[in-house]
Amino acid sequence: MLQSALLNVMVKAARRAGRSLKRDLGEIENLQVSMKGPANFVSLADKRAEEMLYTDLSKARPGYGFIGEEGGQREGADKTHTWIVDPLDGTTNFLHGIPQFAISIALQREGTIIAGVIYNPANDELYTAERGKGAFLNDQRLRVAGRRKLNECVIACGLPHIGRGDHELSRQEMAELQPRVAGLRRFGAASLDMAFVAAGRLDGYWERNLQPWDVAAGQILVREAGGVVSGIAGNDDPLQTKSVICGNEFVHGELVKILKPLGI
């Protein structure tokens with residue numbers, strides 16, 4: 001696959017930060033047995049990865065704005081372009097040595113996501129998408145799954161945990177969906193859940209209480225793979241409403257029908 005200069009910049013930055021995270025993952029096992037635990041170490045790994053990404057992306061595209069999970073918003077001279085970055089999506093997985101985490105980089109131009117990269121350094125899976133040019137896993141073109149019966153579909157979700165989210169609403173959603181689908185999955189990294197939908201590994205995915213850096217790159221991946229992405233309302237922007245539903249046209253529509261009445 002021939003990559004554009006823009007994607008080359010994003011991929012290079014993701015791979016360099018990914019090497020750092022992969023080394024840090026190797027240290028996690030040793031830290032699990034210490035009294036202090038690995039939480040402080042992971043926080044440093046997260047921040048270090050974000051600074052690497054900021055340095056590389058800023059050097060390649062001076063003046064672009066930057067929104068990162070750790071450092072917040074950094075204004076740039078160019079007000080039309082903004083990087084939206086999660087240096088470590090799936091922190092809890094990383095903390096436990098579970099190799100389901102990713103670096104997520106998206107570029108927004110005048111309010112529209114035009115390119116996205118999601119990279120899992122643990123297994124070297126690199127997802128890329130550019131507006132109008134398709135979505136890819138490494139060199140393989142991606143298409144969303146074509147299933148049109150909910151009872152044959154595997155759907156991923158987020159689950160609120162201690163101190164986060166609406167637990168009662170989540171239980172209502174599970175109760176509505178469990179009898180209708182072939183399986184529910186909770187993997188713990190929003191960007192990779194969306195990448196899996198783009199790759200046809202999952203038929204659909206929904207989650208509430210997300211941030212723009214969780215969904216920005218995944219949004220363009222799913223759309224470029226032929227899927228539909230919105231917030232829970234079905235016609236809203238996940239970057240604004242901080243909730244997401246995605247899948248092929250049928251699955252997206254069915255999930256909206258089921259989940260929207262429970263609460264937006």
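**Note on cysteines, cores and Asp86**

1. The sulfur of Cys157 is 12 Å from the closest cysteine sulfur, that of Cys246, so the pair is too far apart for a bond. A disulfide here requires two cysteine sulfur atoms within 2.5 Å. The search of the whole structure finds zero disulfides. Cys157 is buried, at 2% relative accessible area. Cys246 is buried too, at 0%. Buried means under 20% relative accessible area (1.4 Å probe, protein chains only).

2. On the basis: this is a predicted model, where local features need pLDDT of at least 70, side-chain atom pairs count only at pLDDT 80 or more, and totals for chains, interfaces and linings use all residues. Residues are numbered from 1 along each chain as its sequence is written, and side-chain values use heavy atoms, without hydrogens and water.

3. Asp86 sits in strand β3, residues 78-89 (strands are DSSP E runs of at least two residues, numbered from the N terminus). Asp86 is buried but has no salt bridge (Lys or Arg side-chain nitrogen within 4 Å of an Asp or Glu carboxyl oxygen). The nearest side chain of opposite charge is Arg164, 9.8 Å away. A polar atom of the Asp86 side chain lies 3.1 Å from the backbone nitrogen of Leu88.

4. The largest nonpolar core has 36 residues (buried Ala, Val, Leu, Ile, Met, Phe, Trp, Tyr and Cys joined through side-chain atoms within 4.5 Å). Leu221 is one of those with the most contacts inside this core. A second, separate core has 31 residues, including Leu7 and Tyr119.

Conventions:
Helices (H or I, at least four residues) and strands (E, at least two) are DSSP runs, numbered from the N terminus. Buried means under 20% relative accessible area, exposed over 50%, partly exposed in between (1.4 Å probe, protein chains only). Lys and Arg count as positive and Asp and Glu as negative; His and the chain ends are not counted. A polar contact is a pair of N or O atoms within 3.5 Å; within protein, one must be able to donate a hydrogen and the other to accept it, and residues adjacent in sequence count only if both atoms are side-chain atoms.
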